[in-house]
Amino acid sequence: MDKVTGVLFKMLGKTKLQEDRFHLEQIRQTWPDLVGKVLAKHAYPSRLSRRRLTLFVDTSGWSSEFFINRLLILQKINEALGEEVLKDLILIKGEVVKSKATITKAAPLPEVELTPAEAKEALQACPVLEDPALAAKAKDFFLKQARREKQLRQQGASQCSRCGAFISKDEELCPVCKRELEEEARQKLARLLAQQPWLTENDARKITGCSTYLYISVKESLKAFYNLKVRQETATEAEQSLAVCLTYSRPRERITALDYENALKAIRGKKQHVFSTRK
Ligand SMILES: [Zn+2]
């Protein structure tokens, strides 16, 4: 993205969606230069929206790598784009899904040509760039995109109700949006359970609308996380209390001192203990 460095983007009069798409394409094309070849293999920039870049990362190990380096990565991308486009990275664990590329690669579509009016409309969305080479690239990108969208429309594709990406018929959301919404719901529930670890599935569902599966899965990961901290003796007082409250699904004031100690012992594995179910 060397040529982009320092170039002033003049996106006046262009929609945010078009601007985001253009920046995302720039990031994808120079991805290995931006994060290095090794990191680049383990994550794919799937979306840019509301100044946040969503990455699909293939394992949690690599996800941590990205998390640790996120400020550096954001800085590098912003420098390459020549402006403060991004303020955050969203990391989604899972296979490296190349959403739009997958749709077009899976089924080669019949060639279409744009009418002069359509081409003109597509180019109206194109940013005005100072660098002539980059301007040509941008023009090419917007024409290609318009052709692709025309092809997909002719094939009867519909659009994602959240981001406008073309998707197969009868779908409401694109795979990227589905995953983002799942991740948002998961994080919302995790925050809630960390504050009120005694919440039952019913209570949690009333507040967040979560499914049984999500409730169990989030609760189990929270338990595993805080129990590990207790075992490694790195838990703070509050984290220790959270581990115990999650164990009993009860508020701290409804756990006796003896039960509290027993739970900690059991978590540490020093003593097998059958938890009291008395409330
Ligand atoms: Zn979408």
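Leaving aside its neighbours within four places in sequence, which residues is Ala119 in contact with? The first close-up gives the answer, and the views after it move on to other parts of this predicted model.

**View 1. Ala119 and its contacts.**
Welcome to helix 7, which covers residues 116-124 and holds Ala119. Once neighbours within four places in sequence are set aside, Ala119 is in contact with Leu114 and Leu143. Is Ala119 buried, exposed or partly exposed? Ala119 counts as partly exposed because it has 15 C-beta neighbours inside 10 Å.

**View 2. Asp140 in helix 8.**
Helix 8 runs over residues 132-154, and Asp140 has its place there. Asp140 counts as exposed, since 11 C-beta neighbours lie inside 10 Å.

**View 3. The whole protein chain, for orientation.**
The protein chain has 13 helices and seven strands. Of its 279 residues, 23% are buried. Among contacts with a separation of 6 or more, 57% join residues 24 or more positions apart.

**View 4. The largest nonpolar core.**
This view shows the largest nonpolar core, a group of 16 residues. Ile27, Leu34, Leu53, Leu55 and Ile77 are the members with the most contacts inside this core. Which elements each supply at least two residues of the core? They are helix 2 (31-35), strand 2 (43-49), strand 3 (52-57) and helix 5 (70-81). A second, separate core has 13 residues, including Ala243, Cys245, Tyr248 and Ile255.

**View 5. The surroundings of Leu55.**
Let us stay with Leu55, one of the core residues with the most contacts inside the largest nonpolar core. Leaving aside neighbours within four places in sequence, you can trace contacts from Leu55 to Ala43, Tyr44, Pro45 and Ser46, among others. Further contacts of Leu55 include Phe66, Leu89, Ile90, Leu91 and Ile92.

**View 6. Arg51 in a loop.**
Between strand 2 and strand 3 there is a loop, and Arg51 is in it. The phi angle of Arg51 is near 65°, a positive value in a residue other than glycine. Arg51 counts as exposed because it has 12 C-beta neighbours inside 10 Å.

**View 7. Helix 9 crossing helix 10.**
Here helix 9 (residues 175-195) meets helix 10 (residues 201-208), with axes that come within 11 Å and cross at roughly 125°. How are the two helices oriented? At this angle, helix 9 and helix 10 are therefore oblique to each other. Their crossing is right-handed. On the helix 9 side, Ala185, Lys188, Leu189 and Leu192 take part in the contact, and they meet Ala204, Ile207 and Thr208 of helix 10. By class, the residues of this contact are five nonpolar, one polar and one charged.

Val218 belongs to helix 11, which spans residues 212-231. Is Val218 buried or exposed? Val218 is buried, because 23 other C-beta atoms lie within 10 Å. With neighbours within four places in sequence left aside, Val218 is in contact with Arg186, Leu189, Ala190 and Leu193. Val218 and Leu189 are 29 residues apart in sequence, and their C-alpha atoms are 7.2 Å apart in space.

**View 8. Helix 12 packed against helix 13.**
The axes of helix 12 (residues 237-248) and helix 13 (residues 257-268) are 10 Å apart, and the helices pack at an angle of about 95°. Helix 12 and helix 13 are therefore roughly perpendicular to each other. Gln240, Ala243, Val244, Thr247 and Tyr248 of helix 12 make the contact with Tyr260, Ala263, Leu264 and Ile267 of helix 13. Seven nonpolar and two polar residues are found in this contact, and no charged residues.

**View 9. Ser249 in the loop between the two helices.**
The last stop is Ser249, placed in the loop between helix 12 and helix 13. Its phi angle is near 55°, a positive value in a residue other than glycine. Ser249 is partly exposed, because 14 other C-beta atoms lie within 10 Å.

Note on methods: Residues are numbered from 1 along each chain as its sequence is written. This is a predicted model: local features need pLDDT of at least 70, side-chain atom pairs count only at pLDDT 80 or more; totals for chains, interfaces and linings use all residues. Axes are lines fitted to C-alpha atoms, for helices over the stretch in contact, and angles run from 0 to 180 degrees between N-to-C directions. Helices (H or I, at least four residues) and strands (E, at least two) are DSSP runs, numbered from the N terminus. Angles under 35 degrees count as roughly parallel, over 145 as roughly antiparallel, 65 to 115 as roughly perpendicular and the rest as oblique. A crossing is left-handed if the near helix is turned anticlockwise from the far one by less than a right angle, and right-handed if clockwise. Two residues are in contact if their C-beta atoms, placed from the backbone, lie within 7 Å. Ala, Val, Leu, Ile, Met, Phe, Trp, Tyr, Cys and Pro count as nonpolar, Asp, Glu, Lys and Arg as charged, and the others, Gly among them, as polar. A residue is buried if 20 or more other C-beta atoms lie within 10 Å of its own, exposed if 12 or fewer, and partly exposed in between; C-beta atoms are placed from the backbone. A nonpolar core is a set of buried Ala, Val, Leu, Ile, Met, Phe, Trp, Tyr and Cys residues joined through C-beta atoms within 7 Å.
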